Amino acid sequence: MKILVTGGAGFIGSAVVRHILENTDHSVVNLDKLTYAGNTESIPLSLHSARYVFEQVDICDSVELDRVFSEQQPDLIMHLAAESHVDRSIDGPGEFIQTNLVGTYTLLEAARKYWAALPDTRKAAFRFHHISTDEVYGDLPHPDEVSEGEALPLFTETTSYAPSSPYSASKAGSDHLVRAWQRTYGLPTIVTNCSNNYGPYHFPEKLVPHIILNALAGKPLPVYGDGSQIRDWLYVEDHARALVKVVTQGEVGVTYNIGGHNEKRNLEVVHILCDLLEALVPEKPAGVSAYRDLITFVKDRPGHDVRYAIDASKMTRELAWNPEETFETGMKKTVQWYLDNKDWWQRVLNGEYQLDRLGK
Ligand code: NAD
């Protein structure tokens with residue numbers, strides 16, 4: 001089968017592409033605009049694979065989407081392309097509305113036209129898998145606010161949408177569009193909502209790589225507010241495996257929540273990273289006696305959600321998926337990856353990848 005992956009040069013998209021090339025016989029068309037977050041060097045295998053094609057295309061460009069569908073003839077679509085960083089959405093929501101809403105609408109329309117003209121067997125097997133976030137559900141009560149003995153709620157597939165940030169609102173809107181295209185036009189769509197991912201090839205603006213790289217450089221480790229916000233963490237390769245399972249075996253019109261059963265306070269995550277670095281890189285930058293000493297509390301993010309936690313039991317029940325990494329094993333692998341792959345992140349941090357790509 002040929003799978004068209006949008007956003008396949010991003011953090012999760014590249015993990016999906018690597019997973020498909022390494023562990024399946026499927027072919028991949030990676031359709032990506034290559035914004036600041038896209039990086040084709042995150043897919044080293046692609047250089048040697050005859051099953052991989054790259055198309056530098058904006059999902060808002062319907063003419064280019066029609067060309068790619070017609071030339072590449074994909075069997076399945078996995079839609080990950082998005083603006084994804086909450087802080088950027090607060091500073092400038094326009095790009096988020098454009099890519100996440102207008103882009104998803106444009107892609108849905110191109111996919112619908114292409115799907116409607118497919119022969120019957122290919123039409124029946126076609127899937128449009130929309131990859132979304134648990135942030136569309138808003139936030140959950142913090143354990144500190146819940147009385148003793150009271151059960152802590154989790155996000156399920158039927159939790160009402162209540163997004164807090166421009167990012168999560170734009171993703172919520174895109175989820176609604178995808179479901180409407182299934183209900184109204186019969187486009188065979190599936191939606192997944194996942195918790196926070198971490199792992200290799202993560203753009204250094206996000207919490208985990210930001211903390212690792214700042215610590216290695218002896219720079220302050222910024223923590224929002226008091227660091228008590230809780231996120232539910234999933235190793236990115238476990239997510240990629242779940243997504244390929246969903247697009248190939250999931251049921252049309254259905255939503256699946258994906259999560260790692262790893263609720264951690266942000267401050268706890270930073271402490272764990274500091275402790276791993278103490279063990280793996282005991283020789284610290286000049287003037288630093290303990291990585292934890294670099295922790296600096298900064299003004300909280302406006303509208304900061306207090307807790308996310310996913311009930312992923314449907315994935316286990318219906319698709320026999322479970323995460324393979326625990327938080328401890330996944331975080332250790334992640335820190336080790338950043339230590340072993342300095343070239344990748346230095347080229348990103350120095351802007352060298354973008355300059356080379358643009359031929360400057
Ligand atoms: P990312 O920012 O690392 O990557 C996004 C990719 O999309 C980049 O390669 C970028 O170049 C591409 N892109 C952006 N705008 C585009 C456009 N207009 N046309 C074509 N390509 C475009 O994001 P990520 O963290 O890999 O997230 C991927 C998807 O998974 C997103 O839809 C996000 O909402 C969702 N998600 C992310 C997380 C997480 O923890 N990172 C959790 C759950 C869900």
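## Histidine 79 and its surroundings

Leaving aside neighbours within four places in sequence, histidine 79 is in contact (heavy atoms within 4.5 Å) with Thr6, Ile59, Thr104, Leu107, Phe128, His129, His130 and Ile131. This is a predicted model, in which local features need pLDDT of at least 70 and side-chain atom pairs count only at pLDDT 80 or more, while totals for chains, interfaces and linings use all residues. Residues are numbered from 1 along each chain as its sequence is written, and side-chain values use heavy atoms, with hydrogens and water left out.

Histidine 79 lies in strand β4 (residues 76-79), where strands (E, at least two residues) and helices (H or I, at least four) are DSSP runs numbered from the N terminus. With a relative accessible area of 2%, histidine 79 is buried; buried means under 20% relative accessible area, exposed over 50% and partly exposed in between, for a 1.4 Å probe and protein chains only.

Glycine 103 has its place in helix α4 and, at 0% relative accessibility, counts as buried. When residues up to four places away in sequence are not counted, glycine 103 touches Ile59, Cys60 and Gln98.

Helix α4 (residues 94-116) packs with helix α2 (residues 62-72) at an angle of about 35°, and their axes are 10 Å apart; the axes are lines fitted to C-alpha atoms, for helices over the stretch in contact, and angles run from 0 to 180 degrees between N-to-C directions. From α2, Ser62, Leu65, Asp66 and Phe69 meet Thr106, Leu107, Ala110, Ala111, Lys113 and Tyr114 of α4. By class, this contact of α2 with α4 has six nonpolar, two polar and two charged residues, where Ala, Val, Leu, Ile, Met, Phe, Trp, Tyr, Cys and Pro count as nonpolar, Asp, Glu, Lys and Arg as charged, and the others, Gly among them, as polar.

## Helix α1

Helix α1 is mostly covered, with eleven of its 13 residues buried; among them are Phe11, Ile12, Val16, Val17 and Arg18. What covers the buried residues of α1 includes β1 (2-6), β2 (27-32), β3 (52-56), β4, β7 (196-198) and α8 (236-249).

Glutamate 22, found in α1 (residues 11-23), is exposed, with a relative accessible area of 52%. Its C-alpha atom and that of leucine 45, 23 residues apart along the chain, are separated by 8.2 Å.

## Helix α9 and its packing with α11

Helix α9 (residues 266-280) and helix α11 (residues 327-340) pack at an angle of about 55°, with their axes 10 Å apart. That makes α9 oblique to α11, the classes being roughly parallel under 35 degrees, roughly antiparallel over 145, roughly perpendicular from 65 to 115, and oblique for the rest. Val269, Ile272, Leu273, Leu276, Leu277 and Leu280 of α9 meet Phe327, Met331, Lys332, Val335, Gln336 and Leu339 of α11. This contact of α9 with α11 has ten nonpolar, one polar and one charged residues.

The buried residues of α9 are Asn266, Leu267, Val269, Val270, Leu273, Cys274, Leu276 and Leu277. Among the elements that cover them are α7 (207-217), β8 (221-224), β9 (230-235) and α11.
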